[in-house]
Amino acid sequence: MIEWIDLILLGMLALTALRVIFLKDLFAVVMLFGIYSFLSALVFIVLDAVDVAFTEAAVGAGISTVLMLGTLALTGRTEKENTHSKLLPILVVSVTGAALIYGTLDMPPFGNPDNPIHQHVAPRYIEDSPKEVGLPNMVTSVLASYRGFDTLGETVVVFSAAIGVLALLGIRREEDNNTPESGFKEHRVLQIVAKITIPLVILFALYVQFHGDFGPGGGFQAGVIAAAAFILYGLVFGLAKSMAVISPMFLRYMAASGVLLYAGVGLFSMMQGGNFLDYNLLASDPVAGQHYGILIIELGVGITVFAVMLTIFYAFASQTERSNIQ
Amino acid sequence: MNLILDYYNYWIVVFLMMTGFYIVISANNLVKKVVGLNIFQTSVFMMYISMGKVAGGTAPIVVDDNTLYSNPLPHVLILTAIVVGVATTAVGLSLIIRIKRAYGTVEENEFEHEDDAI
């Protein structure tokens, strides 16, 4: 039964991707990409990757779509007719695809427990992490503890992406009165629905943040969901009001402080005489130390991801408003 | 049928990857190219998660002792990759906005001089 769901979902995914090729209306392309992300989140659930599905649904279908629509508002919504011949790309793609399909025949069969990937490292995570780290969710244990240094790197990459976007676009804060009205002032129904939804979304983000040790979730997902709540506020009530709630400057400090909090835990454990990010030394009991360490670094990740996502949204939205003035 | 079930996931991954690749090299519009890149990226995610699946297993959250779990390691790698992916996509899109402002177009065949071509 589960195989059939997998087959059908993957088939739908392939059709959605195929449709993107032929569409010239970029608005439809971006909407299809949102559908594509939702479908891949469903496939991830079928393949047991609940944490990944969570992230893909929040990021792919939520934030990416908003950013791409913001770009379309500035660059126009139709693709011009291409004058180049399509023959060469089709040839390149077919040859590469055929070679890759030939390569897949050498891969171990899907789902077999004896596959090489399940023989090394993973058994240790599955068998020992509940005892060593003391958390039911192995993904959080591996993410925050065993591979904590790796995750610190990822957090720094997310942080530097915000620096990149700020360097390229910047955020301008329009305080004079000639700023055009943004948001949906006349849509009362939309405003009331948004007002009801936003607190629930923030509450859910906090739940995902702090319950990530026990169920699916964690700092990455929580940060994105919380940012989505404020993005919704900004879209419905206008950018100026959203910036009055959380100013861009404050977000910059938040993004940096999240990374510093994470790295600070590492330095603190070094001062206690252990290795970088060795949480065992944070408390007298190693398992309790792991708990404290994971809670704090997940908080750091959540703060940075939230601040970076919202900063990027501010940068894109203020570009759109600027072009409206001109 | 067994051959299909054993490799179906990987074949779809290759198909998605090639679709994304085709969009990147053939599309005229830079925003569409970014969508193509994202489709390509998602196909890689799909491949890692497919490899981590164990038939009859469940999500890697402890239930009791005798449960079969899927491999948690690919999940960790891909979870962080998705968030990094959206951050880098944002940088790419802001580059497109700057290109629009500098050249007045985001269509590849409309850059006027040889030097304008990207």
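Where does D48(A) lie, and between which helices of chain A?

Author: D48(A) sits in the loop between α2 (26–46) and α3 (50–75) of chain A. Helices here are DSSP runs of H or I with at least four residues, strands are runs of E with at least two, and both are numbered from the N terminus. The model is predicted: local features need pLDDT of at least 70, side-chain atom pairs count only at pLDDT 80 or more, and totals for chains, interfaces and linings use all residues. Residues are numbered from 1 along each chain as its sequence is written, while chains are lettered from A and ligands numbered from 1 in the order in which they are written.

Start with the backbone. D48(A) is not a glycine, yet its phi is positive, at about 75°. Most residues other than glycine have a negative phi. D48(A) counts as buried because it has 23 C-beta neighbours inside 10 Å. The cut-offs are these: 20 or more other C-beta atoms within 10 Å make a residue buried, 12 or fewer make it exposed, and anything in between is partly exposed, with C-beta atoms placed from the backbone.

V121(A) also has a positive phi without being a glycine, near 65°. V121(A) belongs to the loop between α4 (87–104) and α5 (122–132) of chain A. UniProt, in an unreviewed entry, lists residues 115–171 of chain A for "domain: MrpA C-terminal/MbhE". UniProt positions follow the numbering used here, feature names are shortened, and annotations may be inferred rather than shown by experiment. That stretch, residues 115–171, is 72% helix and 0% strand, with its end C-alpha atoms 50 Å apart.

Of its 326 residues, 44% are buried. Contacts between residues 24 or more positions apart make up 71% of those with a separation of 6 or more. A contact means two C-beta atoms, placed from the backbone, within 7 Å.

Across the boundary, 13 residues of domain 1 are in contact with 19 residues of domain 2. The domain 1 side has 9 nonpolar, 3 polar and 1 charged residues. Here Ala, Val, Leu, Ile, Met, Phe, Trp, Tyr, Cys and Pro count as nonpolar, Asp, Glu, Lys and Arg as charged, and the others, Gly among them, as polar.

The largest nonpolar core has 129 residues. Such a core is a set of buried Ala, Val, Leu, Ile, Met, Phe, Trp, Tyr and Cys residues joined through C-beta atoms within 7 Å. Those with the most contacts inside this core are V224(A), A227(A), V308(A), M309(A) and I312(A). Helix α12 (residues 286–325) of chain A gives the most, with 16 residues. Both domains of chain A supply residues to this core, so it lies between them. M309(A) touches I63(A), G223(A), V224(A) and A227(A), leaving out residues up to four places away in sequence. L295(A) is found in helix α12 of chain A too. L295(A) counts as partly exposed because it has 17 C-beta neighbours inside 10 Å.

Then the partner. Chain B has 3 helices and 0 strands. Its radius of gyration is 20 Å, well over the 13 Å that the globule rule gives for 118 residues, so chain B is more spread out than a compact globule. The radius is taken over C-alpha atoms, and the rule is 2.2 Å times the number of residues to the power 0.38. The C-alpha trace of chain B spans about 65 × 30 × 15 Å along its principal axes.

The contact between the chains takes 70 residues from chain B and 85 residues from chain A. On the chain B side, α3(B) gives the largest share, 23 residues. By class, that side has 45 nonpolar, 19 polar and 6 charged residues. UniProt places "transmembrane region" features, again in an unreviewed entry, at residues 12–31, 43–63 and 75–97 of chain B. Residues 75–97 of chain B are 100% helix, and the end C-alpha atoms are 33 Å apart.

Definitions and conventions
Domain bounds come from an automatic or database domain assignment.
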